[in-house]
Amino acid sequence: MTDNIVPSPPATPAPEGNLPRDKELVLRVIPMPADVNANGDIFGGWVMAQVDLAGSVIPARRMGGRFATVAVNQFLFKQPVKVGDLLSFFATLVRVGNTSITVQVEVWAERQRPHYQCVKVTEATLTYVAIDEQGRPRPVPRPPQTAAENNATA
């Protein structure tokens with residue numbers, strides 16, 4: 001039996017418009033019709049949940065265990081999100097405290113209709129606290145020092 005496999009044409013890279021290049025891409029998602037509000041735009045609570053997930057990527061890597069969202073310090077809806085937008089979530093570490101990490105999240109929408117457009121739709125700042133098995137705050141682990149840092153402190 002001969003397989004009639006037709007190779008896919010080479011993928012055309014998507015235009016990247018004004019997507020940030022100095023921030024870490026932590027999540028991409030396309031909102032669907034089930035996520036709309038009464039106005040036909042994507043429900044703000046759905047966007048907030050996605051921002052919390054995206055923001056938690058940095059503490060998940062850094063905290064070495066359980067953590068919880070303790071504050072939404074700022075949340076701005078700059079433009080409505082539409083069904084079918086390709087949302088890109090970028091996260092930046094803002095601050096590391098004794099028991100907490102603060103992260104800034106930017107959400108950018110790539111829109112194809114009626115022509116390609118890339119716009120920032122949401123930005124937020126969230127704080128996550130490291131917790132132990134009993135749910136009490138615990139210290140955020142510090143990254144190991146490099147040899148150069150060790151020599152500088154000696």
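This report describes salt bridges in a predicted model.

## Basis of the model

Because the model is predicted, local features need pLDDT of at least 70 and side-chain atom pairs count only at pLDDT 80 or more, while totals for chains, interfaces and linings use all residues. Residues are numbered from 1 along each chain as its sequence is written, and side-chain values use heavy atoms, with hydrogens and water left out.

## Pairs that link separate parts

The structure holds nine salt bridges, a salt bridge being a side-chain nitrogen of Lys or Arg within 4 Å of a carboxyl oxygen of Asp or Glu. One of them joins the side chains of Arg 61 and Glu 24, at 2.3 Å from N to O. Arg 61 lies in helix 2 (residues 57-62) and Glu 24 in strand 1 (residues 24-29), so the pair ties together parts that are 37 residues apart in sequence; helices (H or I, at least four residues) and strands (E, at least two) are DSSP runs, numbered from the N terminus.

Arg 61 counts as exposed, at 58% relative accessibility, whereas Glu 24 is partly exposed at 30%; buried means under 20% relative accessible area, exposed over 50%, and partly exposed in between (1.4 Å probe, protein chains only).

A salt bridge also forms between Asp 41 and Lys 82, whose closest N and O atoms are 2.9 Å apart. Asp 41 is buried, at 18%, and Lys 82 is partly exposed, at 32%.

Glu 123 pairs with Lys 120 in a salt bridge, with the closest N and O atoms 2.9 Å apart, and Glu 123 is buried, with a relative accessible area of 14%. Through salt bridges that share partners, Asp 22, Lys 23, Glu 106, Lys 120 and Glu 123 are joined into one network.
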